[in-house]
Structure formats: structure tokens, C-alpha cells
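Subject: Structure handover

Hello,

Here is the structure you will be working with. Please open it first and then read the notes below it.

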Protein chains: 2
Amino acid sequence: MSLIVMKFGGSSVGSTERMQRVARRIADYKEAGHKVVVVVSAMGDTTDDLIDQSKLLNANPPAREMDMLLTVGEQISIALLSMAIDAIGLKSKSFTGWQAGITTEAVHGKARISDIQPDRIFAALDSGYAAIVAGFQGATEDGDITTLGRGGSDTTAVALAAALKADVCEIYTDVDGIYSTDPRVVKCARKLDEITYDEMLELANLGAAVLHPRAVEYAKNYNVNLVVRSSFTQNEGTSVKEEAVMEQGNAVRGIAFDKNVARISILGVEDIPGVLAKVFGALASNGVDVDIIVQSGTQDGKADFAFTVTLTDKDRAIGIVERIRAEVPYREVTSEENLVKVSIVGAGMVSNPGVAAKMFAAIYEQGISIKLVTTSEIRLSVVIGAEHTQDVVRALHTAYGLDTAEQAFVGGPQDRR
Amino acid sequence: MSLIVMKFGGSSVGSTERMQRVARRIADYKEAGHKVVVVVSAMGDTTDDLIDQSKLLNANPPAREMDMLLTVGEQISIALLSMAIDAIGLKSKSFTGWQAGITTEAVHGKARISDIQPDRIFAALDSGYAAIVAGFQGATEDGDITTLGRGGSDTTAVALAAALKADVCEIYTDVDGIYSTDPRVVKCARKLDEITYDEMLELANLGAAVLHPRAVEYAKNYNVNLVVRSSFTQNEGTSVKEEAVMEQGNAVRGIAFDKNVARISILGVEDIPGVLAKVFGALASNGVDVDIIVQSGTQDGKADFAFTVTLTDKDRAIGIVERIRAEVPYREVTSEENLVKVSIVGAGMVSNPGVAAKMFAAIYEQGISIKLVTTSEIRLSVVIGAEHTQDVVRALHTAYGLDTAEQAFVGGPQDRR
């Protein structure tokens, strides 16, 4: 008998039929003798509908009231899912965030979980109930209702799994698991059986939006055994854990890419002390998230440096850079769009010196110029023109030996004979 | 500066425009320097929509989960109303039932309030906020979410007014106040300025469904100054209080009628001890509410008695009576539909012996036979054929001097000159 935490997103419970299918999956585990805790998001469009309603009354509603409004989405889901389980003839109890003992910091819209006291969940499990918990929400110590922000239901599931010392935390999504790259771009992308937390973190941050980075971080910190799998099939998913078995001895596990990127260059900056701190301090305090930062060497007391931001932040970032010109004198600020950041990710990269060279060679062979490079222990990212995305991702996928033998034949079944 | 509790029902907040109108009314009080607590119901069809959704998953959903589901209706209302008040530029905080400190007994679907600890409401008021509280809901001591059943929002408002020692509790509805009888039946029905709790209780129980009887009872027990008024006009409403000034020295305040009534007669009952207890005990334990009970004298050791139930309970009541025939021997059970119970209500009736005679005379003059009579200190009810409803209610309204002079002319403006 195991204690299993299952998490279902909004599309998994978006209709009566889907809700019933989820209930059936939960029943399978219960009937097999497991203790089951289920975290569920708001159904389909509920959250968007509520936001639309609020905007009619207040263009800029107070965050506290917005949390009060939006948390009903998950409350509807848990009640209905619990009824669906009861209809199968099994015991089920639903719990809001505060009822599940989830305390958060006193911030609205993006609170972090500060504590979980899951006494009521344990009591329900011990009495033979499935415990259905509202994702994405908690309450402050003073009893105000809060939300955890984007990806909050993943975080609820992982945090509960940690607090309950669950044997596994299964995240059900509309994909089969984590792929070596986006299967829409590379047909022979491979589903990974295992991946490390760190690799997952890099992939999640880089746009493979299956699992929220905060949830992965939480799982890593509390060593939660995480599995990403499909809510529509019975296929095994991808296991996310501390150490993952390397497949085929590949140093690179996956290839991520992100087109939501703009480059800003500040040229001819007076190389006075604290220049970087001033520039990036001003950007941070205005809420602009900077990703890659590259500084080339100085020349005649002047430096050039470049950084990337999301497309939506570009104009704001340029405005901020222009406003601080008096403090940080420079010759010119330029910017560029239509870019893509392509990253190779793998825990084995650090001990594998040839990995980077192979990436540069693969890109060079295609006659593509690299605009920015940045590295971490388990990631290497390049920024190139967006028009090269498919070619480069495919070339890298092949170069690192990630193509599946089976799906590499794109012709059809008869070709495989 | 007063502390005012305002209660708005579902139709008062059923659209964006109505929500904004309610916010404006709250703002008027706040701007006049009052402390304002607002109790609000679910918007328009929200509750019915949620019930429909649940039925698709479970024909007989657990009551605990139904409460979890339905309470989101009020939670949506409080959040949106709070946002509408904020949009006017005034401070507002919403509270669910449990946040408002409303504890109920551990029953789902129709819990009674057992305690209110309104510390957070007081704190919000002291900090200059309007406190917007979800009606119809509370939580058990163990933290399970409960609902108060039909008319629950009225009860929430009155109970909060009592706990907060509010100066007044205003119930906003779609009518101007309490009328001497249904204005759809009697055009010259008069709006009452004042009415006693007891009179209101009799009228509420008798089908003038403006205020829920439980709320009136609560108001009476805690001496809450209650006002019923329209959410669509600025007209003064009807004040419900311990002692009401009698208008024109009328002993009768209002005339109620209720067509949801069936008569059941048990004839030739062996007059053995405990007969009544056995019959009505069996009915009560099967959930049949009995209203009027009349027993005529015994003859030859046999008694006839009759009672009324709602139309929906009629067949079930007859079934129960037939099942206990072995225990309570009787000759025959009969029943009758198409009836109306007409009641005159007035706190002054008890000290006014001619009141009953006048009623019987008015009915007799129309050649109508009375089938049952029952009295309380402040009420006298007769059951007659439903086809006489309009004639009898109009005749009584005139006989007791309740017609308004102005509206008694039904011809049109030119007739009044």
C-alpha cells in the first residue's frame, strides 16, 4: 500500500466526461489499496470567465479580492470530483487550501507556501477517504485566502507530497511525459523515462512548460519522487528524481527553445565602478526580468554589454536604460527581435568537455551566426535568428544522438519493414 | 454614526449593473459616516447552475460536498461586490462565512448558527472598510463548510446584526416592504410602516415570502431592529420590531393566504389513549409537516379529526395513516385539494373580541362554507375552497379597514379628481 498524490490540471477535468475519467483513475488506485490524495485545478475556462466578470466591475481589482474570487474555481472542481468518486461508490472528501492546512505568506496573487499541517488529510486517509484538495490556494496565518500564482497547483501537489511523505507525486498532463525536445518540431523526439530535478528545472525554465519550475524546485528540495504522465493514456510517464539513469550514455538529455526573447545591447559604456549594478538594479526594481547577460572586454575604458529580456519587456527595458543615461554614460543602445534561444540540457555535460564544441560545430555547419552564448553547469544556450529554429533544433537533436530509431522513419508503417 | 447591516438577495446582484447599483448604495452609507456590513447571496442563477452541474456527476451527491460546491456562489458575490466598491474609491474587504466567524452545528444543507465571533469584521470596520460577508454559509467547529438552507442569507444578516449589536439590519428585496396582503390580488393593499416580529412570523409562515421565518425568529430573540425595503427604490420600507404602532387603530395588520394546502380527515377513530400522539408522531418521524390540526368531540367512543399538510406531502401522509391502521383503528381516511388557507394577522386581535366574528360574517355573507378553523393569539386562519380566494381576501381587506384610500380607485387618474 502506497500513499499517492495525483495532480490533475484544468483540461483534465474540463468536462463531465473528463471528470468521470479522472474519478475512475482515482478509483483504480483506491481499489488497489492505495491511499490517494488528489490535487485539482479549476475546470477549463472557469478562471478566465471569473477574471472577465471582475474586469466589468473594476479594471484594477484589489489582489485580496481577486484571490477570493479565483479560488472558487478550484473549490468547484474538488466538490464535483468528490461527487464523481462518490458516484462510483467510494468514499471521498474535498478540502480547500486552508482546510488542507496549507499556510502561505501574506501576499496575494503569488504567495509562497510557508507551512503545511495536513492533519485533516491524514485523518481522512485513515478513515478510508480519498482526499481531494484544491490546488493553487492557501490561507495566511490571519485566515485570508491566497493564491500561489501560475503553476500553483503543481506546487500544491509537490508540497503536499512532501508534507505527507507520499511515495510518489504524479502530475497528470495532456502529454505523455517529458520529451527530448518539442515533438511538434522534431518528429523523432524521444520521451524520457527519467530526468533529474536540475535538468527538469532547466527545461521548465526554458519553455518546456509541462511542470512549473517552482514545483520542481520544491520537489528537489524535499526529494519528492515526481512522475509526469498523461491523463488520457495509461502510458508510463517520465520520472523526475535526484539521479537519473543516462540513456545511451548521452550527456545531453534534451533540447529546449524559446522564441520569447529580445536582445538589448548597450555600447560604449563608461567603465566606471558599479555600472552593471546600476543598470541591472534599475531593471530589476522596475520588474524587468533579465535572462542572459554578456559583457565583452573593455577597450579604451569603454565596455559593450548585452542582455536578453522577454519580448513584452523590451520597450520598457529600453526606456529604463535611456532614463539612467545621466548616471551611466554610454554611446548607444540597440535592440533586436526575431530571435530564439536554443539550449542543450544535461546533468552529464559538466564532465563532458566535447559537448559545447559539438553544439557550436552543428550550428556553424549550417552557416548560422551565434549572437549570444551563456552556460550553466548543466545547460548551454545560444541565441540565434528565429528563422533557424527548426533546422538547428533538429540538427542538435541528431548530433546528440537523441533521435528515436522508430520514429526517425517518417514515411509510414510500410517503410519500417 | 451608526453600524448598519445591509442584506442583498440574489436578484439584487444578478448583473454587473445591479452589482454597481448595490455598491453605490453601500457607498452612500459609508460616505455619510456609517459603518457598513453587507450580507449578500449568490448572483441570480449561480446556485441552480451549480446544482445542474452536480447532477450530471451524481444524482444523489453527499451533502458535505454539495455545501462545498454551493458556497462558491456567495464567495463569487462578495468578491465582485467588494471590487465594485473599490472601484468607487472606497475601502472594502470580503469575508466568507468562516472568515466572518460564523460557526454552525455539524449538519450539511440546513445547519443552524451556533456561534458568531465577529472579531475580523470589527477589525475591518475599525480600519474603515466595508465588510462584505457571504450569506447562507458558515463552518463547523471542525472547519467543514456548511450552508444554512433556504432563506439562509436573511439569517446570516440578522445573526450578524445581533452579534455586532448593529443599529439596524436592512433586508433589501424586490418589493417595497411588507404589504397588508398580496398587491397582485388586492390592488388597494397598503404598505405597512411597522409590524411586530410576531405578526411578521405569522405572515412569513403563511406565504408572504419576503423574509425567512428563521431570520424573523432570530431578530425577535435578539431584538434586532429589522427593516424590509426595496433595492430598486429609495422608499422607506417596513420596520419589523417588538412593538408596532397600530395604524388607524386596526386590530388586523395583514391578510395572508396559501394555496399549498391539502386536508386529510381521519373519521371514526377508536378513542383510545395516545391516538393523536401515534398519528402525528408517525407523520413527524417521516418528515411530514402538519399545519392545522382540528379534533371535533367524540361520539360513541369514536372521534373524527382533520389536519392539513402541503400538497406535495398529501399522498405520503395518506400512506402513513394507512400503514398505522393496525395500531390506530379508524373507519375511513379522506382527503381534499383545491383549498386555500386565508389568515388574518394582528397583534391587537387578542384584546379585540369582535375580530373573529367579523371574519366569519364576511365569509358567510358570500355564501362560502368554512372547512377548518384554527387560531393563535395573533392569527385566525380558515380553510375554504381555493376558488373563493380573491373574493374572500378582498372582502376581508375591506372589512378590516385596510384598503388605501388612494388606490381604492382602480379606474385611473381621471377618476380621482
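This is a predicted model: local features need pLDDT of at least 70, side-chain atom pairs count only at pLDDT 80 or more; totals for chains, interfaces and linings use all residues.

Residues are numbered from 1 along each chain as its sequence is written, chains are lettered from A and ligands numbered from 1 in the order in which they are written, and side-chain values use heavy atoms, with hydrogens and water left out.

How the chains meet

In chain B, 42 residues are in contact with 42 residues of chain A; contact means heavy atoms within 4.5 Å. The area buried between chain B and chain A is about 3,400 Å², and carbon and sulfur atoms give 62% of it. Buried area is the accessible area (1.4 Å probe) that two parts lose on being put together, summed over both.

Between chain B and chain A there are 22 residue pairs in polar contact, both residues at pLDDT 80 or more. A polar contact is a pair of N or O atoms within 3.5 Å; within protein, one must be able to donate a hydrogen and the other to accept it, and residues adjacent in sequence count only if both atoms are side-chain atoms. Helix 3 of chain B gives the most to the side of chain B that touches chain A, with 17 residues. Helices (H or I, at least four residues) and strands (E, at least two) are DSSP runs, numbered from the N terminus.

The count between chain B and chain A is 2 salt bridges, a salt bridge being a side-chain nitrogen of Lys or Arg within 4 Å of a carboxyl oxygen of Asp or Glu. Asp144(B) forms a salt bridge with Arg120(A), and their closest N and O atoms are 2.7 Å apart.

Symmetry

A rotation of 179° with 0.0 Å of shift along its axis superposes chain B on chain A, with an RMSD of 0.2 Å. The two copies are thus related as by a two-fold rotation axis. Copies are superposed by least squares on the C-alpha atoms of residues with pLDDT of at least 70 in both. Of the residues of chain B, Val72(B) comes closest to the rotation axis, at 2.7 Å (C-alpha). The copies meet through the same surface, because 100% of the interface residues of chain B are also interface residues in chain A.

Within chain A

Asp28(A) forms a salt bridge with Arg24(A), with the closest N and O atoms 3.2 Å apart. Both residues, Asp28(A) and Arg24(A), lie in helix 1 (residues 16-31) of chain A, 4 residues apart, about one turn of the helix.

Ala386(A) is in the loop between strand 20 (379-385) and helix 11 (389-399) of chain A. The C-alpha atoms of Ala386(A) and Lys259(A) are separated by 6.8 Å, although these residues are 127 residues apart along the chain.

Regards
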